[in-house]
Amino acid sequence: MKTEIFRIVPNIYSDNIEKSKEFYVDFLGMELAMDLEWVLTFASKENHSAQVTILKNDKKESPNNDAIFLSIEVANVDDLYEKAQVKNIDIVYKIINEDWGVRRFFVKEPNGAIINILTHQPQ
């Protein structure tokens, strides 16, 4: 039996849904694909299967979002790096060209997850 995987969506708990909307819509440029107030799904405008889901933290326990590490490949990492600086997004790893052919930087999103934002460099 063959297993077909169509998409994998990370889920992040949030104590501040509005800050999450601001980060994923205003900073990353994603669209709000679903809003049930307690669960939000953001999708890439160019590729609707590229998604992230934010869940309202109703239990008020401290979720371990700092253990979540996502990678998002974008067309122009330099533009997004500049935007992160303008919006005072928490940059935790400055932009760099890595030896294996990517240019990237890391930001901490409002719920504590680390986002690796990258562009593959031409070889």
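Student: Which backbone nitrogen does a side-chain oxygen of Asn16 reach at the start of α1?

Tutor: That side-chain oxygen of Asn16 comes to within 3.3 Å of the backbone nitrogen of Glu18. A polar contact is a pair of N or O atoms within 3.5 Å, where, within protein, one must be able to donate a hydrogen and the other to accept it, and residues adjacent in sequence count only if both atoms are side-chain atoms. Before we continue, note that this is a predicted model, in which local features need pLDDT of at least 70 and side-chain atom pairs count only at pLDDT 80 or more, while totals for chains, interfaces and linings use all residues. Residues are numbered from 1 along each chain as its sequence is written, and side-chain values use heavy atoms, with hydrogens and water left out.

Student: What caps the N-terminal end of α2?

Tutor: Asn76 does so, with a side-chain oxygen 3.0 Å from the backbone nitrogen of Asp78.

Student: How many helices and strands does the chain have, and what makes a stretch count as one?

Tutor: The chain has 2 helices and 8 strands. Both are DSSP runs numbered from the N terminus: helices are H or I with at least four residues, and strands are E with at least two. Along the sequence the pattern reads β-α-β-β-β-β-α-β-β-β.

Student: Why is Asn116 called buried?

Tutor: Buried means under 20% relative accessible area, exposed means over 50%, and partly exposed lies in between, with a 1.4 Å probe and protein chains only. Asn116 has a relative accessibility of 5%, so it counts as buried. This residue belongs to strand β8, and its side chain forms a polar contact of 3.0 Å with that of Ser71. With residues up to four places away in sequence left out, Asn116 touches several others, including Phe69, Ile72 and Phe105; contact here means heavy atoms within 4.5 Å.

Student: Is Thr41 buried or exposed, and how do you know?

Tutor: Thr41 has a relative accessible area of 7%, and therefore it is buried. It is placed in strand β3. Beyond its neighbours within four places in sequence, Thr41 is in contact with residues that include Glu31, Met34, Gln51 and Thr53.

Student: What is Met34 called, and on what value does this rest?

Tutor: Met34 has a relative accessible area of 33%, so it is partly exposed. This residue lies in strand β2, residues 31–35. Apart from residues up to four places away in sequence, Met34 touches Val39, Leu40 and Thr41.

Student: How do you know that the buried residues of α1 line one face?

Tutor: The residues concerned are Ile17, Ser20, Phe23, Tyr24 and Phe27. Seen down the axis, they fall within an arc of 155 degrees, so they line one face of α1. The arc is that of the directions from the helix axis to the C-beta atoms. An α-helix has 3.6 residues a turn, so residues three or four places apart point the same way. Their cover includes β1, β3, β4, α2, β7 and β8.

Student: What puts the buried residues of α2 on the same side?

Tutor: Val77, Leu80, Tyr81 and Ala84 are the buried residues of α2. They cover an arc of only 105 degrees around the axis, and therefore lie on the same side of α2. They pack against α1, β6, β7 and β8. The face turned away from this buried side carries the exposed residues Asp79, Glu82 and Val86.

Student: In which sense does β4 pair with β1, and in which with β3?

Tutor: Strands β1 and β4 pair in the parallel sense over 4 bridges, whereas β3 and β4 run antiparallel and are joined by 5 bridges. Two strands pair if DSSP finds at least two bridges between them. Within β4, Lys56 is the bridge partner of Ser14, and Leu55 stands opposite Val39. Of the 6 residues of β4, 5 are buried.

Student: What radius of gyration does the chain have, and how does it stand against a compact globule?

Tutor: The radius of gyration is taken over C-alpha atoms, and the globule rule is 2.2 Å times the number of residues to the power 0.38. For 123 residues, a compact globule would have a value near 14 Å; the chain has 15 Å, which agrees.
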